[in-house]
Amino acid sequence: MTSHSRDAPQFYLTSPSACPYLPGKEERKVFTHIVGRRGRELNEILTQGGFRRSQTIAYRPACDTCRACVSVRVLADEFRPSENLKRVLKTNADLIGNETPNRPTSEQYALFRRYVDARHADGGMADMSVLDYSMMVEDSHVDTQLIEYRRRGIDSGITGRGEGDLIAVSLVDQMSDGLSMVYSFFDPDHQARSLGTYMILDHIRRAKAMGLPYLYLGYWVEGSKKMGYKARFTPQERLGAHGWVRVG
């Protein structure tokens, strides 16, 4: 009987299923487990190679006839917001993001449920229980944290923390060359704030302040309304057959 080291990744291929981004297409994924002593190192190598992390699983599209999913990372130091993106920053100038350990709370889950029910009621996360949410946040063998966004208060300049209701949350991994946004959600009643866009802008700022060159945004899918917004953040690099290529 052959035994495999816990630190040596084994890769697996899923069966075909309906593509969530392009109608009429099917998707397959190759995936592996991020566990063991080399979990953080492995996650970095895989992320740089186009994989995404979900709990202790790293996955990448491996579709037979389609290559529409393209990994994207923003060049944080060179990024300059457009006039439209500057308006998003101005609209949300009253918010402040506080870094916290990746520990779930009932307040987070309540906001998560409102977000999913309003924006993705027919998606794969629609049936996630509080236990499922807790696992999504906590189950990580890499350097993971949460950013909680609230309104600025009188003492925010001293404490660095916001006050009042939780408005948005981001789950993010920190790597040696950048930040990787794993998942984010927000209060659907604040649609005018463009909170999804704002959190990306804030994470670009955070990466730059930390001296990290990249913000990893996952997959851009040309022709998909769900993923098309990622093309707005330039300059960026997209992963192709011959490596990362600059765009913008």
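This is a predicted model: local features need pLDDT of at least 70, side-chain atom pairs count only at pLDDT 80 or more; totals for chains, interfaces and linings use all residues.
The surroundings of Leu215 illustrate the packing: when residues up to four places away in sequence are not counted, Leu215 touches Val72, Arg73, Val74, Leu179, Met181, Ile200, His203 and Ile204.

The largest cavity holds about 50 Å³ of space, and its lining is formed by Thr47, Gly50, Phe51, Arg52, Ser71, Val72, Tyr216, Leu217, Gly218 and Trp244. Two or more of these residues come from each of β7 (69–75) and β12, with β12 giving the most, 3 residues. By class, the lining of the largest cavity divides into 5 nonpolar, 4 polar and 1 charged residues, and at least three of its residues are drawn from each of domain 1 (11–69) and domain 2 (73–247). Val72, which is part of this lining, is also one of the residues touched by Leu215.

The second largest cavity contains about 30 Å³ of space and is lined by Glu99, Gln145, Ile147, Val172, Leu179, His203, Arg206 and Met210. At least two residues of this lining are supplied by each of β9 and α6, and the lining as a whole has 4 nonpolar, 2 polar and 2 charged residues. Leu179 and His203, both of which line this second cavity, are likewise among the residues that Leu215 touches.

As for open space, the largest pocket has a volume of about 1,800 Å³ and is lined by 47 residues, of which Tyr21, His120, Met125, Tyr183 and Met227 lie nearest its centre. The elements β4 (29–33), β5 (52–54), β6 (57–61), α3, β11, α6 and β12 each supply at least two residues of this lining, and the largest share, 5 residues, comes from β11. The lining of the largest pocket has 24 nonpolar, 13 polar and 10 charged residues. Because domain 1 (11–69) and domain 2 (73–247) both give residues to this lining, the largest pocket lies between them.

The second largest pocket has a volume of about 420 Å³, and of the 22 residues that line this pocket, Arg60, Pro61, Arg67, Cys69 and Val70 are the closest to its centre. Each of β3 (26–27), β6, β7 and β13 (236–240) supplies at least two residues of the lining, to which β7 gives the most, with 3 residues. Divided by class, this lining has 13 nonpolar, 4 polar and 5 charged residues. The second largest pocket also receives lining residues from both domain 1 (11–69) and domain 2 (73–247), and therefore lies between the two domains.

How values were computed
Residues are numbered from 1 along each chain as its sequence is written. Side-chain values use heavy atoms; hydrogens and water are left out. Contact means heavy atoms within 4.5 Å. On a 1 Å grid over the protein atoms alone, a cavity is a set of points where a 1.4 Å probe fits but cannot get out, and a pocket is an open set with protein on both sides within 12 Å along at least five of seven lines; lining residues have an atom within 4 Å of a point. Grid points are joined across faces, edges and corners, and a volume is the space filled by probe spheres set on the points. Helices (H or I, at least four residues) and strands (E, at least two) are DSSP runs, numbered from the N terminus. Ala, Val, Leu, Ile, Met, Phe, Trp, Tyr, Cys and Pro count as nonpolar, Asp, Glu, Lys and Arg as charged, and the others, Gly among them, as polar. Domain bounds come from an automatic or database domain assignment.
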